[in-house]
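Let's take a walk through this one, starting with the backbone and ending up at the ligand. Have the sequence and the 3D view open side by side.

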Amino acid sequence: MVVNIDHKPILSKRERILLHVSGLDELFHEGIPVGHSVLVEGGPGSGKTLLCLQVAYEHAKRGKKVLIMSFEEPEEQLREHMAVFGWDTEPLEKKGVLKIKRFSALDISRSVEALLSEAKKELLIDIQPVLIPKDFTPDLVIVDSISAISSAFSGEESRFRIYMEQFFRYMERERASSLLIREVANPTHTGGAYVEHGEAISFLSDGIIVLYNVLYDGGRRGRAVEVLKMRGDDIKRGIYEGEIRRGKGWIVSKKLLSGKQTLT
Ligand SMILES: Nc1ncnc2c1ncn2[C@@H]1O[C@H](COP(=O)(O)OP(=O)(O)OP(=O)(O)O)[C@@H](O)[C@H]1O
Ligand SMILES: [Mg+2]
């Protein structure tokens, strides 16, 4: 195996995943390398949860083991949300390829605190016990949302960063890919100045997908999607029109966003 100077195995081109979302995969040149973490960012109601549920379903349907970690909505609500789109979770959960689990962000921050004081040396903590259920080794992990985790660390930005670094390391070691939902108050990537908690995560993550709420002149609302960053991939840069279609889920069009509009 080829090893780089950090002694990390170099991922071969074949070991990449697609999202299996119509139009979105076309914005990537090669897909997402296995073991990489991608942020899914956007404002309220921009469709972050739905996009991730869709990816989760598509992967579990193909036999990949998917863990949905929800810090916001209860498990049953997520199942119902998926059922509306015709994504039946029951057989997948029975088969053991899909696990939907609600976590408490406060429990996680408390456990991290406890581990840190036990380990004294901050980098020695092993986050696995407070993260992934021991009896499940996922290929894909969805976290909804890291904003909820971040706020449970209330002001302890460095603690949150340590936690996330450990998370990224764990995922890479286990060769599990992840989609991490991050709520942003406004369209952060279009020039507006902002300061937000958890910002360091944007630099630590391997990729960023941004979902936008669009307000067209005249009052019509639309949606848009951008792949802002993907390490090691020649992405199609630009903001593309998208929609959430009843019974289908997210569909990304080939058309760049045009006309008079603002991103909100
Ligand atoms: N059955 C449906 N058909 C079409 N669109 C739907 C359907 N159900 C929900 N939606 C749309 O999906 C959007 C919600 O998406 P989602 O819950 O994924 O957003 P989010 O970005 O996770 O929001 P939040 O920040 O509140 O968590 C809603 O704005 C709604 O308009
Ligand atoms: Mg959501």
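Helices (H or I, at least four residues) and strands (E, at least two) are DSSP runs here, numbered from the N terminus. By that count, Arg175 sits in the loop between α6 (157–174) and β7. A quick word on ground rules: this is a predicted model, where local features need pLDDT of at least 70, side-chain atom pairs count only at pLDDT 80 or more, and totals for chains, interfaces and linings use all residues. Residues are numbered from 1 along each chain as its sequence is written, chains are lettered from A and ligands numbered from 1 in the order in which they are written, and side-chain values use heavy atoms, with hydrogens and water left out.

Most residues other than glycine have a negative phi, and most peptide bonds are trans. Arg175 has a positive phi of about 55° although it is not a glycine, and His20 has one of about 60°. His20 belongs to the loop between β1 (16–17) and β2 (32–33). As for the peptide bond from Asp144 to Ser145, that one is cis, with omega near 5°; Ser145 is in the loop between β6 (140–144) and α5 (146–152).

How covered are these spots? Buried means under 20% relative accessible area, exposed over 50%, and partly exposed in between (1.4 Å probe, protein chains only).

| Residue | Relative accessible area | Class |
|---|---|---|
| His20 | 26% | partly exposed |
| Arg175 | 31% | partly exposed |
| Ser177 | 3% | buried |

Ser177 lies in strand β7 (residues 177–183). Leaving aside neighbours within four places in sequence, Ser177 is in contact (heavy atoms within 4.5 Å) with residues including Ile17, His36, Asp139 and Met171.

**The inside**

A nonpolar core is a set of buried Ala, Val, Leu, Ile, Met, Phe, Trp, Tyr and Cys residues joined through side-chain atoms within 4.5 Å. The largest one has 41 residues, and Ile68 is among those with the most contacts inside it. The largest share of this core, 8 residues, comes from α1.

**Around the ligand**

Which helix gives the most to the shell around ligand 1? That's α1, with 3 residues. In total, 14 residues surround ligand 1 (a heavy atom within 4 Å), and Lys48 and Thr49 are among the closest. Polar contacts (pairs of N or O atoms within 3.5 Å) include a polar side-chain atom of Thr49 at 2.8 Å from a ligand 1 oxygen. A side-chain N or O atom of Arg223 lies 3.2 Å from an oxygen atom of ligand 1.

Terms used. A polar contact is a pair of N or O atoms within 3.5 Å; within protein, one must be able to donate a hydrogen and the other to accept it, and residues adjacent in sequence count only if both atoms are side-chain atoms.
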